[in-house]
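This report walks through selected parts of one structure. The sequence and the model are shown first.

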Amino acid sequence: MDEPASARAKLNEFLVVNQNIEPCLASGRGAEVRDEQGRAYIDLEAGPGVASVGHCHPKVVQAIKDQADRLLQVPGRYHSVRTMSLAQRISDLAGGRLRRTFFANSGAESADGAIKCSLKHAANSGKKGFGIIALEHGFHGRLSLPLALTGIAKQKRGMGPYGTFPGVVHAPAPYCYRCPLKLDPGKCGTACADVVEDMLQTRVPGEAAVMIAEPILGVGGVIVPPDDYWPKVQAICKRHRITLVMDEVFAGFGRTGYDFAHQHYGLEPDIVTFAKAIGGGVPLGGFIGTEELGTAFEPGDHFTTYGAKNQIGIAAGHAVLDILRDEALKDRAREQGAVFLEGLRSLQKRFPVVGDVRGRGLMIGFELVRDPGRTPAPDLAKALEREVLKRGALISTTGAYGNVLRITPPLVIESGQVERAIRIIGDALAAVNV
Ligand SMILES: Cc1ncc(COP(=O)(O)O)c(C=O)c1O
């Protein structure tokens, strides 16, 4: 539908929440999308984090078509071998003790289900409390409980008690560039991890049942915890029998150069949540837990109509796992991510407004700041987003202060596209940094 801009603006009035309406995207292949007028953009967002295997990967498209000819939905009380074998494949990929999967439709549902399961497990095992620990700057979705877990205040503004939940407390984020404890990174002994232990005495009502966090915080501004942060926190969780849930909705399935980002830290979480990339563009999410967690629910405790039953998502999930393996995409994420980081670090030398560049694999962010004091510059970030768009790439601002530019392209992005994207960002920086 190639409508003129004014007609597109009118159509937008039929939607509840107005998004960016220009460009209106009409097609995509690999790391490139095209708008209604046929103009091409390098996609540096991927959805965010959805199109890891690229837009309309032929194998995903074929799998969906084949499945559509056979069966769309398994009726509620029945099973499908395809669903169970996808669960088995996710368990093989996650490794360690992670064994039983619950399938959902989205990231928010995955976080919600993981917490529900952890609380049921806490009750089964005689815990005297249902405290939930999350992280400041963390993000877990926009439904009520996931929003309560989210540690970014602006996401909750103007909604009264929606986005609050009894027993949720937030620990300081391991955000070294803006240390919440005002300590010197490298000389701090990762004190922010110790705070989790202190909070058990001071802030958690009763006993803590579960801690949920992203191994690398995406929406919060691509915050990469230092290497010893997660091992320290995991030890605290083990000591206090707190279920550790790693939210891998954004970082999972090769994006950071590992199958799951918690593997960077050598962790053994009790539950891992996932969504986005696994569906290859079709809604699919879920969580995988240890045998103990995965058997906490009684039959009927937890269910959703589509998750495990919608065979289009399940078929897409199988195709995505094939592609991740066959095209060695986690290795590509590592290689292309290194090129991206190097390119951005050389831009940082030219443009003092680039305050910090960080990331792992193809989960990258850079902060725009004004000196002195690393003052966040969200206005410049928005301007940069627009300038990048004008030059033919999609990029988005994120973080609690709105000053982080996030780069999470399809993992199939080609070297030439990475080089072009870095050039575009450089030209855009020159345009805004007057
Ligand atoms: C880490 C994380 N968890 C959960 C979500 C929510 O996912 P969804 O939008 O599919 O509900 C997101 C979305 O960006 C996310 O990044």
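## Alanine 213

Alanine 213 touches Ala134, Leu135, Gly138, Met246 and Asp247, leaving aside residues up to four places away in sequence; a contact here means C-beta atoms, placed from the backbone, within 7 Å. The residue is found in strand β7 (residues 208-213). Helices (H or I, at least four residues) and strands (E, at least two) are DSSP runs, numbered from the N terminus.

Alanine 213 counts as buried because it has 28 C-beta neighbours inside 10 Å, the cut-off for buried being 20 or more other C-beta atoms within 10 Å. Its C-alpha atom is separated by 19 Å from that of glycine 95, 118 residues apart along the chain.

## Basis of the model

This is a predicted model, in which local features need pLDDT of at least 70 and side-chain atom pairs count only at pLDDT 80 or more, while totals for chains, interfaces and linings use all residues. Residues are numbered from 1 along each chain as its sequence is written.

## Around the ligand

The ligand is surrounded by 14 residues, the closest being Ser106, Gly107, Ala108, Gly141 and Val249; a residue is near if its C-beta atom, placed from the backbone, lies within 6 Å. Helix α5 (residues 107-124) gives the most to this shell, with 3 residues.

## Helices α11 and α13

In α11, Gln336, Val339, Phe340, Gly343 and Leu347 meet Val418, Ile422, Ile425, Gly426 and Leu429 in α13.

Terms used. Contact = placed C-beta atoms within 7 Å. Buried ≥ 20, exposed ≤ 12 C-beta atoms within 10 Å, placed from the backbone.
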